Amino acid sequence: MESSCLARLVPLEAVLFDIDGTLCDTDPIHLNAFRVMLQEIGYNDGVPVDEEFFIKNISGKHNDDIAAFLFPDDHARGLKFMEDKEALFRRLARENLKPIDGLDKVKNWIQDRGLRRAAVTNAPRPNAEMMIQVLGLADFFEAVIVGSECVRAKPFPDPYLKALEVLKVSKDHTIIFEDSVSGIKAGVAAEVAVIGLTTQNPAHLLMEAKPALLIKDYADPKLWAVLEGIDKNACTRITA
């Protein structure tokens, strides 16, 4: 996506953010929690799961789906395992959570232009609210949309469609920031322009989900070329 291709987004109305891996790099914390708990129960013959396993089978997916994958013959046990794992994640994350580089800069850009904003996540609400609070974004987001509170979670578009409805904005004038294949697919299915972050997931996997653009983080010059293009097109529209 080049800035010249973003004229259709003007006037930009809203920016939607995933949380895990998009506001903060939580995958290493999640992976650590899964490693500890799966090893405790002897999963994979006691061999710790690796990053490749995590990316393929867990990252970006809803907890119900992860529970079904890990415990295909005992879903109730899987759900309890995920509850305990999320409690461990929250304990670890409170001490280790750091924002993605450039987040404060893009936050200021959004606030300065009076754009609407929401967080849209497959994370459980306690996780989402904890991360937003720790990052100092509680007053930034107007809404927090949680996948489990929608008819379908990501990779279905329902959470993003709900966010558009709650904010009363158009899909044609909204940008989504995402870091997972599941999340990018959800945004694309909602027919919203998606900018993907290569926080932990490989670029070639993210590209298969067809984001409009991939960036390293919010300090990436490619992102700011896009945002400057939006500003330029907005000014042209006003003076035309």
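Aspartate 45 sits in the loop that runs between helix H1 (27-40) and helix H2 (51-57); helices here are DSSP runs of H or I with at least four residues, strands are runs of E with at least two, and both are numbered from the N terminus. The model is a predicted one, so local features need pLDDT of at least 70 and side-chain atom pairs count only at pLDDT 80 or more, while totals for chains, interfaces and linings use all residues. Residues are numbered from 1 along each chain as its sequence is written, and side-chain values use heavy atoms, with hydrogens and water left out.

Aspartate 45 is not a glycine, yet its phi is positive, at about 55 degrees. Most residues other than glycine have a negative phi, and most peptide bonds are trans. Aspartate 45 counts as exposed because its relative accessibility is 80%; buried means under 20% relative accessible area, exposed over 50%, and partly exposed in between, using a 1.4 Å probe and protein chains only. Lysine 210 is another residue other than glycine with a positive phi, near 70 degrees. Its place is the loop between helix H9 (203-208) and strand S6 (213-215). With 65% relative accessibility, lysine 210 counts as exposed.

Next come the peptide bonds. Valine 10 and proline 11 are joined by a cis bond with omega of about 5 degrees, and proline 11 belongs to the segment before strand S1 (14-17). Another cis bond leads from lysine 154 to proline 155, with omega near 20 degrees. Proline 155 lies in the loop between strand S3 (143-146) and helix H7 (158-167).

How many disulfides does the structure hold? The count is zero, where a disulfide is a pair of cysteine sulfur atoms within 2.5 Å. Cysteine 24 is in no disulfide, and the nearest cysteine sulfur, in cysteine 150, is 20 Å away. That 20 Å is also the distance from the sulfur of cysteine 150 to its closest cysteine sulfur, so the two are too far apart for a bond. Cysteine 24 counts as buried because its relative accessibility is 0%, and cysteine 150 counts as buried at 14%.

Searching the whole structure turns up one cavity of 30 Å³ or more. On a 1 Å grid over the protein atoms alone, a cavity is a set of points where a 1.4 Å probe fits but cannot get out, and lining residues have an atom within 4 Å of a point. Grid points are joined across faces, edges and corners, and a volume is the space filled by probe spheres set on the points. The largest cavity has a volume of about 280 Å³. It is lined by 25 residues, and the closest to its centre are Asp20, His30, Ser59, Gly60 and Lys61. At least two lining residues come from each of H1, helix H3 (63-70) and helix H4 (75-96). By type, the lining has seven nonpolar, nine polar and nine charged residues. Domain 1 (2-23 + 100-239) and domain 2 (26-96) both contribute to this lining, so the largest cavity lies between them; the domain bounds come from an automatic or database assignment.

Finally, helix H6 (residues 125-134) has Asn127, Ala128, Met130, Met131 and Ile132 as its buried residues. Their cover includes H1, H4, strand S2 (116-121) and S3, with contact meaning heavy atoms within 4.5 Å. Just after H6, glycine 136 has a positive phi of about 75 degrees.

Methods: 1 Å grid on protein atoms, 1.4 Å probe; cavity = no way out; pocket = protein on both sides within 12 Å on 5 of 7 lines; lining within 4 Å. Nonpolar A, V, L, I, M, F, W, Y, C, P; charged D, E, K, R; others polar.
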